[in-house]
Amino acid sequence: MDAQLDQLRDEAIAAIAAAADETALDLARVKFLGQQGSLTTLSKGMKDLSKEDKPRIGKLLNDVRNAVTAALDIRKAALLADADKAAFAGVDVTLPGTAVSFAGKGSLHPITQLLDRTTAIFRRMGFALADGPDIETEWHCFDALNTPADHPARNEQDTFYFPDGRLLRTHTSTVQIRTMEKAAPPVRIIAPGAAYRRDEIDATHLAQFTQMEGLYVDEGVSVADLKGTLEFFFRELFGNDAKFRFRPHFFPFTEPSYEVDIKTSMLGATDRWLEIAGCGMVDPSVLEAVNTKRGDRAFDPEKYTGFAFGFGLDRLAMLLSGTPDIRYFTNNDQRFLAQF
């Protein structure tokens with residue numbers, strides 16, 4: 001068997017060295033090391049050897065197997081190197097490189113950049129990030145938020161309904177409701193995400209837009225807390241020269257309710273007011289609806305008060321960048337996106 005193993009090693013190494021490609025190399029591997037290969041067949045003869053010969057022949061078998069395996073690895077590396085060399089044949093490495101534009105490197109979308117920035121500001125004030133499904137129930141989207149059955153927002157001309165009665169959420173206030181269902185006060189969250197409405201698409205409207213909403217419920221929360229929170233946030237975003245006014249408004253889920261207007265040189269608005277957000281104190285009926293759903297009095301309106309707010313990130317991005325048409329954010333035009 002000694003002579004057979006020596007002959008087999010020489011034959012295998014010669015066949016491996018002669019392999020012209022990876023297919024031929026794999027055939028050589030199977031021929032000598034496969035389950036039906038020459039070395040495997042010889043190994044089966046170990047059982048017929050004497051006790052004295054088995055250690056010596058066993059070591060020789062391992063040496064031959066290691067030698068064949070090493071030869072396979074070396075030849076495979078050589079074939080790969082040849083393939084790489086052939087792939088670059090004819091490439092003139094002295095030619096100047098092609099400059100990569102900023103757009104080619106990639107960056108975050110401007111809405112995502114603004115979302116990250118606004119989230120960071122609210123986190124500094126102790127707000128946690130909350131999320132919820134885009135496909136919602138009518139109860140979470142309207143009923144729990146004290147929206148009457150005849151409210152225009154519930155009309156099929158304004159909201160995307162599914163055949164089973166569910167709908168695409170028209171605001172991320174649904175996340176506020178779902179959070180209160182699961183957590184007891186105090187609750188302090190922001191809920192950014194997509195919202196959907198049957199708006200006619202034009203320079204200022206899309207059927208899908210990005211909304212940022214917030215909710216704070218605890219003992220003793222007042223309009224002063226609401227005003228201070230929003231003024232701090234918008235000054236961090238738009239600069240310390242910003243001036244604000246809170247105009248009385250109506251929302252079904254807050255009472256009292258306000259629209260927030262701003263004047264700031266950062267937006268080129270030093271002599272006119274720009275509407276940027278809606279807000280108000282959480283209506284007690286909303287807290288009662290959550291209590292009914294939970295089956296307890298965790299959000300007792302006699303003990304807890306809260307405020308909520310919401311604004312569109314797309315509109316803020318338009319104001320900050322001076323973009324005249326909201327559709328630029330969804331057209332994927334590199335000439336526009338490369339500016340960010």
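1. Contact here means heavy atoms within 4.5 Å. The model is predicted.

2. Which residues of helix 9 are buried? They are Leu 226, Thr 229, Leu 230, Glu 231, Phe 233, Phe 234, Leu 237 and Phe 238. Note that Glu 231 is on this list, and Glu counts as charged. Just after the helix comes Gly 239, with a positive phi of about 110 degrees.

3. Helix 6 covers residues 110–124, which makes 15 residues. From first C-alpha to last it reaches 22 Å, close to the 21 Å expected at 1.5 Å a residue. Its buried residues are Pro 110, Ile 111, Leu 114, Thr 118, Thr 119, Ile 121 and Phe 122. Seen down the helix axis, the buried residues fall within an arc of 165 degrees, so they line one face of helix 6. Gly 126, just after the helix, takes a positive phi of about 95 degrees.

4. Now the packing of helix 6 on helix 11, residues 313–321. Two packed helices are described by the angle between their axes and the distance between the axes. Here the angle is about 100 degrees and the axes are 10 Å apart. Angles of 65 to 115 degrees count as roughly perpendicular, so helix 6 is roughly perpendicular to helix 11. Helix 6 brings Ile 111, Leu 114, Leu 115, Arg 117 and Thr 118 to the contact. Helix 11 brings Leu 313, Asp 314, Leu 316, Ala 317 and Leu 320. By class, that gives 7 nonpolar, 1 polar and 2 charged residues. Ile 111, Leu 114 and Thr 118 are also among the buried residues of helix 6.

5. How do helix 1 (residues 2–18) and helix 4 (residues 54–87) pack? Their angle is about 5 degrees, with the axes 9 Å apart. The two helices are therefore roughly parallel to each other. On the helix 1 side, the contact uses Asp 2, Leu 5, Asp 6, Arg 9, Ala 12, Ile 13, Ile 16 and Ala 17. On the helix 4 side, it uses Arg 56, Ile 57, Leu 60, Leu 61, Val 64, Ala 67, Val 68, Ala 71, Leu 72 and Arg 75. The contact has 13 nonpolar and 5 charged residues, and no polar ones.

6. Helix 10 spans residues 284–294. Val 286, Leu 287, Ala 289, Val 290 and Asn 291 are its buried residues. They pack against helix 7, helix 8 and strand 8. Gly 295 follows helix 10, and its phi is positive, near 85 degrees.

7. Strand 8, residues 269–282, holds Trp 273. Is Trp 273 buried or partly exposed? Its relative accessibility is 29%, so Trp 273 counts as partly exposed. Leaving aside residues up to four places away in sequence, Trp 273 touches Lys 243, Phe 244, Arg 245, Asp 261, Ile 262 and Lys 263. Take Ile 262: it sits 11 residues from Trp 273 in sequence, yet the C-alpha atoms are 5.4 Å apart.

8. Next, the backbone details worth checking by eye. Most residues other than glycine have a negative phi, and most peptide bonds are trans. Where are the cis bonds noted here? One runs from Pro 185 to Pro 186, with omega near 0 degrees. Pro 186 is in the loop between helix 8 (173–182) and strand 4 (187–196). Another joins Glu 255 and Pro 256, with omega about 0 degrees. Pro 256 lies in strand 7, residues 254–264.

9. Two asparagines take a positive phi. Phi of Asn 146 is near 60 degrees. Asn 146 is in the loop between helix 7 (138–141) and strand 3 (167–168). Its relative accessibility is 33%, so Asn 146 counts as partly exposed. Phi of Asn 332 is also near 60 degrees. Asn 332 is in the loop between helix 11 and helix 12 (334–337). At 57% relative accessibility, Asn 332 counts as exposed.

Terms used
Residues are numbered from 1 along each chain as its sequence is written. This is a predicted model: local features need pLDDT of at least 70, side-chain atom pairs count only at pLDDT 80 or more; totals for chains, interfaces and linings use all residues. Side-chain values use heavy atoms; hydrogens and water are left out. Helices (H or I, at least four residues) and strands (E, at least two) are DSSP runs, numbered from the N terminus. The expected span of a helix is 1.5 Å times one less than its number of residues. Buried means under 20% relative accessible area, exposed over 50%, partly exposed in between (1.4 Å probe, protein chains only). The arc is that of the directions from the helix axis to the C-beta atoms. Axes are lines fitted to C-alpha atoms, for helices over the stretch in contact, and angles run from 0 to 180 degrees between N-to-C directions. Angles under 35 degrees count as roughly parallel, over 145 as roughly antiparallel, 65 to 115 as roughly perpendicular and the rest as oblique.
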